[in-house]
Amino acid sequence: MKIALMDSGIGLLAAAAATRRLRPDADLVLSSDPDGMPWGPRTPAGITERARAVARAAAGLRPDALIVACNTASVHALAALRAELEPGIPVIGTVPAIKPAAAAGGRVAIWATPATTGSPYQRGLIRDFAAGARVTEVPCPGLADAVEHGDEEAVARTVAAAAALTPADVTDVVLGCTHYELVEESIRAALAARTAGAEPVYHGSAEAVAVQALRRIGLEPAPDLPRTGGLTVLHSGRTSALPDAALGYAEGRLLADRQQVHQH
């Protein structure tokens, strides 16, 4: 079994690590785009073009499923990727976990990139799934880039700026960009310093996306299986290795444990 994940950069690590934990026997293909990133500032057509190239590179290794482990690409390119690859390869998109976050009707903060914050897409999700909750959209300029480059000082600075925009009585925090899940501990620490009362509940997408990918190919999670799955890394279509920045995160180190670079 082979599951591919795609993103502009290392935001796919969270979903890849979740997939590895749920199915240690799965071969993983990580297809990213260092030549074209960041995707966020591009036009929707430009994002779709880059996403298609990255998806095609992954599809060339004949995976059983493809996870679009990027909120921006899921917003702009998911329909195009599905039109091209399905039904041969199921394509699973990443949607910010607004629905579960709002289920309790509390005070929800959605941390997202400036491009996603206030977008018709995110506003539609809030309208459809967060009717009973009070929602604050929190733009996080520079945070994804800081995570991508493993720049701890920039992560701390951008997290602090976003925390300052987050209501003190927040009950649920949606991590609306896959990169943010890699620095969840930093976000928790920043918000713990300013929120009153109980710690907010954090809602990422990695686990849900991994479970959905398995479901689409008819498999159950089996975390106790032997860890036999290999790892192939593609950078803008070229066989490569995990970048150094990836090894700064627990998720990257988990994956590097079993890295096998397959030439093709």
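Two strands pair if DSSP finds at least two bridges between them. I start my notebook with that rule, and with another: helices (H or I, at least four residues) and strands (E, at least two) are DSSP runs, numbered from the N terminus.

**Ground rules.** I am looking at a predicted model, in which local features need pLDDT of at least 70, side-chain atom pairs count only at pLDDT 80 or more, and totals for chains, interfaces and linings use all residues. Residues are numbered from 1 along each chain as its sequence is written, and side-chain values use heavy atoms, with hydrogens and water left out.

**The sheet.** I looked up the strand order and found an open sheet of 4 strands, E6-E5-E7-E8, with parallel pairing. E6 and E8 stand at the edges with a single partner strand each, so one side of each has no neighbour in the sheet. From one strand to the next, the twist averages 20 degrees.

**Strand E5.** How many bridges join E5 to E7? I find 4, and the two strands run parallel. Val 108 stands opposite Asp 172 in E7. E5 also pairs with E6, again in the parallel sense, over 6 bridges. There, Ile 110 has Glu 137 of E6 as its bridge partner.

Next I checked burial, where buried means under 20% relative accessible area, exposed over 50%, and partly exposed in between (1.4 Å probe, protein chains only). In E5, 6 of its 6 residues are buried. Arg 107, Ala 109 and Trp 111 are covered on one side, and Val 108, Ile 110 and Ala 112 on the other.

**His 203.** I found His 203 in strand E8, residues 201–203. Is His 203 buried or exposed? It is buried, with a relative accessible area of 11%. Its side chain makes a polar contact of 2.8 Å with that of Asp 172. (A polar contact is a pair of N or O atoms within 3.5 Å; within protein, one must be able to donate a hydrogen and the other to accept it, and residues adjacent in sequence count only if both atoms are side-chain atoms.) Beyond its neighbours within four places in sequence, His 203 is in contact (heavy atoms within 4.5 Å) with residues including Ala 97, Pro 100 and Val 174.

**Helix H7.** I went on to H7, residues 152–164, whose buried residues are Ala 154, Val 155, Thr 158, Val 159, Ala 162 and Ala 163. Seen down the axis, they fall within an arc of 165 degrees, so they line one face of the helix; the arc is that of the directions from the helix axis to the C-beta atoms. The face turned away from that buried side carries the exposed Glu 153, Arg 157 and Ala 164. What do the buried residues of H7 pack against? I noted strands E5 and E6 and helices H6 and H8.

Most residues other than glycine have a negative phi, and most peptide bonds are trans. I logged a cis peptide bond between Met 37 and Pro 38, with omega about 0 degrees. Pro 38 is in the loop between E2 and H2. Arg 62 is not a glycine, yet has a positive phi of about 50 degrees. Arg 62 is exposed, with a relative accessible area of 70%.

Technical notes: Axes are lines fitted to C-alpha atoms, for helices over the stretch in contact, and angles run from 0 to 180 degrees between N-to-C directions.
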